[in-house]
Amino acid sequence: MIDRSEVSWLRPSPLLLRVRRIEVAAVTVPLAIAGWLGGQVVSAATGIGIAAALVLAGLLAERFLARRVAAWGYAERKDDLMVRRGVLVRRLSVIPYGRMQFIDVTAGPLERGLGLATVRMHTAAAASDARIPGLQAAAAAALRDQLAALGEAQAAGL
Amino acid sequence: MTTQSAPQGRPVLLAGEGGWHRLHPLSPFVRAGRQFISLAVVLIGISALNQHPARGDIIADLAVLGLALGGGFVSWLVTRWQIADGVLRIDTGLIRRDSRRIPLSQVQAVDVVQSGLARILGLAELQLRVAGAGSARSGRLACLRRADAEELRGKLLALAAASAVAAPAAGPSRTLFRVHAGRLFGAVLLTRSGATALVVVLATALTVQISGSATTVAPFLPVVLGVAGALWRQFNGEYGTTVTSAPDGMRLRSGLIQTTAETIRPGRIQAVRLVEPLIWRRLGWYRLEVDVAGSRERGENESEGRRHRALIPVGSRADAELMLAELMPAHPLPTRPAPSRARRKAPFSYHFLAWSADDRHVVASRGRVCRQTTWVPLQKVQSIRWVQGPLQRQLGLATVHLDAAGKRVGARIQDRDNAEALEILGTLPDLARTARSRAGQPGQPGAGASA
């Protein structure tokens with residue numbers, strides 16, 4: 001029986017929220033400006049209305065992403081890794097270390113700028129869902145090495 | 001590029017191991033076979049429907065065929081293969097060289113596939129299935145002489161078994177199942193795709209009747225051909241399916257025009273699925289499919305698309321039970337139904353939702369009109385996922401997925417009570433670990449061995 005309070009969840013870095021905010025802003029601001037300019041053709045009020053609506057949508061997206069970031073967590077147990085995520089659809093995955101095929105550590109330009117990385121553990125099943133975004137680069141490297149060591153020690157193949 | 005010159009009259013393969021071999025010189029013709037067929041279809045279509053046969057179309061098709069043949073010939077020229085140190089190496093490519101090394105210990109299954117054209121020419125294609133990979137990492141030798149292909153298959157399986165932990169024990173092979181041709185024909189027509197085809201054909205015929213001229217349906221002809229083709233491929237692919245149990249694994253033979261012979265090595269089955277479509281249940285028919293790690297190479301001779309390999313395309317309850325007992329000596333049956341409030345979330349599939357488990361297998365059933373029961377050996381479970389959507393949260397339900405190797409392979413224990421789902425999530429990892437360590441011990445049949 002998994003009592004969620006029993007497991008000590010580790011969280012992505014708070015900087016991940018900043019990455020998400022910048023991403024939302026990078027989409028919303030140009031769209032709002034374009035909408036405003038486009039609306040100006042009709043009337044000044046239309047332009048402002050479109051821009052306001054787009055900014056509002058961006059703010060809502062920011063709220064949603066903040067909750068998503070807050071929901072993300074992972075726990076390293078004795079024999080398996082647990083990852084939980086999702087707000088609307090909640091997911092909780094248990095992946096035995098021995099099933100690991102390989103580990104990806106990726107970082108986009110924005111993540112790299114803030115010193116973050118995403119760790120992803122792959123198993124032979126395509127549906128396995130073990131992605132942990134927004135780890136500090138050092139923590140990501142440590143997690144990768146630890147997972148690799150545990151995976152090798154418990155390797156079970158197919 | 002050194003090609004081994006084999007002594008006259010002896011199969012090329014008997015020439016020393018480690019040498020480079022070529023494929024059969026007639027391979028380009030077989031590989032261009034698809035284009036031949038599509039050209040014929042287009043020609044017939046044009047002459048039947050078009051009052052003004054467009055010569056340009058035919059010339060374009062001939063050009064395509066010529067290109068395919070030419071490309072095939074160049075590809076044959078630059079392709080060679082060898083077996084050395086337990087590794088099959090295939091080099092190919094003119095401009096972009098591609099050298100594949102397939103460690104034979106990683107091979108999940110070896111298939112011999114013969115398309116109709118290949119059968120006429122006495123050739124066969126050898127396909128090696130490797131886990132986790134798409135076509136990019138699997139091996140394909142198209143084409144070899146039939147006898148060579150069979151011999152090479154035995155040799156590859158022997159090498160694969162030798163490099164795995166335990167060598168297979170010698171023993172007699174026995175036939176487990178043989179499909180009944182008439183029943184297969186009926187079964188193909190009575191599935192969803194069969195019903196679709198029937199509706200399409202009837203609608204087309206009706207349109208012809210009403211409008212009184214055949215030309216009005218010309219735009220729909222590709223659809224009709226497509227639907228009929230899908231049915232044909234299923235019938236062709238599963239015709240004469242014979243399953244034998246042999247020391248080196250389960251042997252499957254099937255096919256009407258194109259024949260396929262594959263060997264599934266013991267302990268490589270990731271999931272077993274029993275399928276019961278609506279009308280079949282009335283007739284007492286069952287379909288039994290297995291999932292093996294490693295996708296089939298999808299080439300021009302592909303017979304089954306993405307569908308899973310059916311050990312029993314259609315069979316009676318007794319056939320299915322015999323095969324299940326062979327695959328899993330003791331298997332649980334889905335006996336625990338979902339809580340009744342799951343009816344509000346899944347009104348159309350609630351009646352089939354159930355699961356059960358013992359210390360070796362987990363079984364879960366689901367489906368709306370077509371009931372699907374999936375068994376997953378606990379030692380094959382790759383990861384366990386607990387998922388709860390918004391509606392499920394309202395009702396206090398959750399779904400637990402068990403993932404096995406491959407795409408969309410695994411069991412889904414759908415819409416369980418919250419507490420039960422968490423309990424499953426809590427206990428299954430331990431059960432799976434126990435099953436894995438038991439399988440890891442030597443002397444156990446069906447051990448995951450190396451992979």
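**Ground rules.** I am working with a predicted model, in which local features need pLDDT of at least 70, side-chain atom pairs count only at pLDDT 80 or more, and totals for chains, interfaces and linings use all residues. Residues are numbered from 1 along each chain as its sequence is written, while chains are lettered from A and ligands numbered from 1 in the order in which they are written.

**Sheet in chain A.** I looked up the strand order and found three strands in an open, antiparallel sheet, β4-β5-β6 of chain A. My strands (E, at least two residues) and helices (H or I, at least four) are DSSP runs, numbered from the N terminus; two strands pair if DSSP finds at least two bridges between them. β4 (102-106) and β6 (131-136) of chain A are the edges, each with a single partner strand, so one side of each has no neighbour in the sheet. On average, neighbouring strands here are turned by 25° against each other, direction ignored.

I then checked β5 (residues 116-122) of chain A, which is joined to β6(A) by four bridges. A:Arg120 sits opposite A:Arg131 of β6(A). Helix α1 (residues 15-42) of chain A packs on this sheet, touching β5 and β6 of chain A, and its direction makes about 105° with that of β6(A). Contact means C-beta atoms, placed from the backbone, within 7 Å; axes are lines fitted to C-alpha atoms, for helices over the stretch in contact, with angles from 0 to 180 degrees between N-to-C directions.

**Inside chain B.** Next I turned to β6 (residues 139-145) of chain B, where six of seven residues are buried, that is, 20 or more other C-beta atoms lie within 10 Å of the residue's own, with C-beta atoms placed from the backbone. β5 (residues 123-130) of chain B pairs with β6(B) in the antiparallel sense over five bridges, and B:Leu126 faces B:Leu141 across that pair.

**Where the chains meet.** How many residues of chain B are in contact with chain A? I found 31 residues of chain B against 26 residues of chain A. The elements giving two or more residues to chain B's side are β18 (383-388), β19 (397-403) and α13 (418-440) of chain B. α13(B) gives the most, with seven residues.

Technical notes. Contact = placed C-beta atoms within 7 Å. Buried ≥ 20, exposed ≤ 12 C-beta atoms within 10 Å, placed from the backbone.
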